[in-house]
Amino acid sequence: LARVLIAKMMARNRKGKGHTDPKARRRLVLRFFASCPPSDIDTFVQHLFEPFETELSLESAPDPQAAVPLKKQLGFLNLLIDLLDTLGRAIVGVIDQAMNITIRMVHDVEGLLARRDELASSHVNVLKSIRILGTKRIADVLLAFPTIDHSRFKSELEQMVLKRPLEYLRNESAQQPSPLLRFALSCSNDRRLFHYLRALDDTMLPAIFGLLSIPDVSDDVMDAVLTISENLLLNKRAISDDDDDD
């Protein structure tokens, strides 16, 4: 049944309204599974994740031949937010898999974008979209499941999401918030995620605040930086308390 409903949910129509619209079908299927027993939900989500499963290893270079098609990766990242919104805590048993898949996607995209001169411009644009959505989904999962121990992903997150993008933060954040800036903004909105900011504050936060000195920086980037600063100032007592506990 899970495979049949997934096929129905993923089927595309050229035109559709109401129940024939792909987005409407997806919402209907997810609402149906939201009322099912946890074992059925786990089976359903396992089938959804199956095409994207791979062992997380950030030491290896991405293999374009083995990669899931880019459009399908975007589809997964869009579906993930629907799973979080509709099923919520019901997918807690598979959230590590969601993190593994998303981190691997962003890692592979970073590797491919490092060779962007070899790629068609249309592919580069899709890869950038995957990087932005993937980074946002990581923050979404961290916010949705703050009580889960994500420590096994800590080094990967700091290596991939925080450290590596610093090299191009200034270049890519002038006109619109980069993936790193979006991630930092998400973390600054919740004290439970402050440790991702504090862990690298000697390098990351000065780089983020330095965006304000870029000539002709966009209003969106300026708003994001000022919001991060405001959030950190408002929660200064919380940060101090956390440091005392450590």
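Because the model is predicted, local features are taken only at pLDDT of at least 70 and side-chain atom pairs only at pLDDT 80 or more, while totals for chains, interfaces and linings use all residues. Residues are numbered from 1 along each chain as its sequence is written, and side-chain values use heavy atoms, with hydrogens and water left out.

The secondary structure of the chain comes to 13 helices and 0 strands, where helices (H or I, at least four residues) and strands (E, at least two) are DSSP runs numbered from the N terminus. Of the 246 residues, 45% count as buried, a term that stands for under 20% relative accessible area, with exposed meaning over 50% and partly exposed the range in between (1.4 Å probe, protein chains only).

Within α3, the residues I41, F44, V45, L48 and F49 are buried. Seen down the axis of α3, the buried residues fall within an arc of 130 degrees, so they line one face of the helix; the arc is taken from the directions that lead from the helix axis to the C-beta atoms.

Rings of Phe, Tyr and Trp (its six-membered ring) pair if their centres lie within 6.5 Å, and planes under 30 degrees apart count as stacked, over 60 as edge-to-face and the rest as tilted. By this rule the count comes to 4 aromatic pairs. One of them joins F49 and F76 edge-to-face, at 5.5 Å centre to centre and with 65 degrees between the planes. Since F49 lies in helix α3 and F76 in helix α4 (residues 70-86), this pair ties together parts that are 27 residues apart in sequence. F76 also forms a tilted pair with F52, at 4.8 Å centre to centre and 45 degrees between the planes, and this pair links F52, in the loop between α3 and α4, to F76 in helix α4, 24 residues apart. F52 and F76 are both buried, and F49 is buried as well, with a relative accessible area of 2%.

A salt bridge is a side-chain nitrogen of Lys or Arg within 4 Å of a carboxyl oxygen of Asp or Glu, and the count by this rule is 4. In one of these, E110 pairs with R131, their closest N and O atoms being 3.7 Å apart; as E110 lies in helix α5 (residues 95-113) and R131 in helix α6 (residues 121-144), the pair ties together parts that are 21 residues apart in sequence. E110 is buried at 8% relative accessible area, and R131 counts as buried at 3%. Another salt bridge joins R137 and D140 at 2.9 Å, N to O; being 3 residues apart in helix α6, these two are separated by about one helical turn. R137 counts as buried at 7%, whereas D140 is partly exposed at 22%.

M222 lies in helix α12 (residues 219-234).
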